[in-house]
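Please open the structure in your viewer and keep the selection tool at hand.

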Amino acid sequence: MPPALRLTQPKRLAVASAGSKRGMVRATATATSKVPFSKFQGCGNDFILIDNRTTEEPCVSPKQAAKLCDRNFGVGGDGVIFALPPVGDTEYTMRIYNSDGSEPEMCGNGIRCLAKFVSEIDNAPPGKCRVHTLAGVMVPEVRDDGLVTVDMGEPILVPADVPTTLRSDNGDDSAPAVRAPLTLPDGQTFAVTCVSMGNPHCIAFVDDEVYNKDGSVCFDLAGTGPQVEGNAAFPARTNAEFAKVRNRALIDMVVYERGAGPTLACGTGACATVVAGVLEGVCDRVCDVRLPGGTLSIEWRESDNRIYMTGPGDRVFGGELAL
Ligand SMILES: N[C@@H](CCC[C@H](N)C(=O)O)C(=O)O
């Protein structure tokens with residue numbers, strides 16, 4: 001994980017109002033800032049978005065972000081996302097803090113939300129933009145139907161780069177860790193495949209259903225998730241996905257996110273799950289992933305080795321933070 005930010009921030013933090021303004025005023029980092037925000041969600045993975053394009057660093061500290069994400073004492077969210085000034089040949093930079101204040105490299109649902117957010121505040125028509133992230137340049141395209149397709153780049157499969165200490169069983173250190181045995185502290189063992197989408201994912205295909213008939217989650221995420229997230233096999237911690245193959249074009253998946261716990265969806269996790277499914281030979285390269293909060297369409301394109309993710313990103317409300 002990148003080191004925590006060294007920002008000195010005022011301690012006071014409150015939601016000043018929940019008005020209908022659409023984040024038209026840019027954030028500044030002065031002691032008495034009223035910082036406009038917009039709340040977005042993509043398949044129920046929800047974020048506080050801030051137009052932070054007047055300063056190079058986020059105007060909210062990791063600690064403040066964790067407080068803002070609190071569902072009782074803050075706005076509530078799975079993370080805080082900042083639209084920062086562009087780097088290189090991009091139009092925007094995206095950074096994100098998880099709800100525990102840690103900083104991940106990438107967020108799939110978040111980048112769809114960011115694409116809708118910036119098209120709203122810049123009054124831009126549907127189309128593509130280039131976004132610099134800690135995981136490289138991503139290219140979201142807001143489509144005419146309101147969905148967003150994102151070119152998520154190529155998956156990272158070399159175990160040391162995921163990073164994981166797990167290895168393939170053929171003795172080749174650079175071969176992907178596919179169906180590697182992972183024994184948890186409570187004695188459960190899973191055959192896991194490790195994939196990075198810029199951020200680390202550990203995917204276990206399971207035999208039992210992960211959803212009840214009514215769509216509620218029946219997999220024991222609270223018990224099992226933390227044992228994978230913090231497992232010594234993952235030096236940067238990991239996101240943990242548990243997936244049940246319905247057919248070659250449809251996977252049910254639940255997730256325990258690094259730094260956020262169980263969430264209703266994870267975009268990078270859905271991409272990583274399809275990559276894992278293809279490597280394990282259980283799904284096609286074009287595959288839908290059903291999550292607790294909705295369905296994402298994923299394609300791992302053979303011609304360019306890149307992953308394309310399509311799904312929603314929708315504004316919920318806006319307001320103003322007093323920082
Ligand atoms: N929900 C996100 C992933 C957010 C980052 C993740 N918790 C991590 O720490 O890697 C997504 O939609 O991809």
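Begin by selecting Asn305, which is located in the loop that runs between strand 17 (294-300) and strand 18 (307-311). Helices (H or I, at least four residues) and strands (E, at least two) are DSSP runs, numbered from the N terminus. Residues are numbered from 1 along each chain as its sequence is written. The model is predicted: local features need pLDDT of at least 70, side-chain atom pairs count only at pLDDT 80 or more, and totals for chains, interfaces and linings use all residues.

Asn305 has a positive phi, near 65°, although the residue is not glycine. Is Asn305 buried or exposed? Asn305 is exposed, because 10 other C-beta atoms lie within 10 Å. A residue is buried if 20 or more other C-beta atoms lie within 10 Å of its own, exposed if 12 or fewer, and partly exposed in between, with C-beta atoms placed from the backbone.

Next, select Arg179, in the loop between strand 9 (148-151) and strand 10 (180-183). Arg179 is not a glycine, yet its phi is positive, about 50°. Arg179 counts as partly exposed because it has 18 C-beta neighbours inside 10 Å. Pro163 is found in the loop between strand 9 and strand 10. A cis peptide bond, with omega about 0°, joins Val162 to Pro163.

Now colour the two domains: domain 1 (14-146 + 313-322) and domain 2 (159-305). These bounds come from an automatic or database domain assignment. The C-alpha centres of domain 1 and domain 2 are 26 Å apart. In domain 1, 20 residues are in contact (C-beta atoms, placed from the backbone, within 7 Å) with 19 residues of domain 2. On the side of domain 1 that touches domain 2, helix 2 gives the most, with three residues.

Where does the ligand lie? Domain 1 and domain 2 both give residues to the shell around the ligand, so it lies between them. Select Pro104, Asn109, Asn199, Gly267 and Thr268, which come nearest of the 18 residues around the ligand. A residue is near a molecule if its C-beta atom, placed from the backbone, lies within 6 Å of it. Helix 2 (108-121) and helix 4 (267-280) each supply at least two residues of this shell.

Finally, select helix 1 (residues 62-69), whose buried residues are Gln64, Ala65, Ala66, Leu68 and Cys69. They pack against strand 3 (45-51), strand 4 (79-84), strand 5 (92-98) and strand 19 (314-322).

Notes. Two residues are in contact if their C-beta atoms, placed from the backbone, lie within 7 Å.
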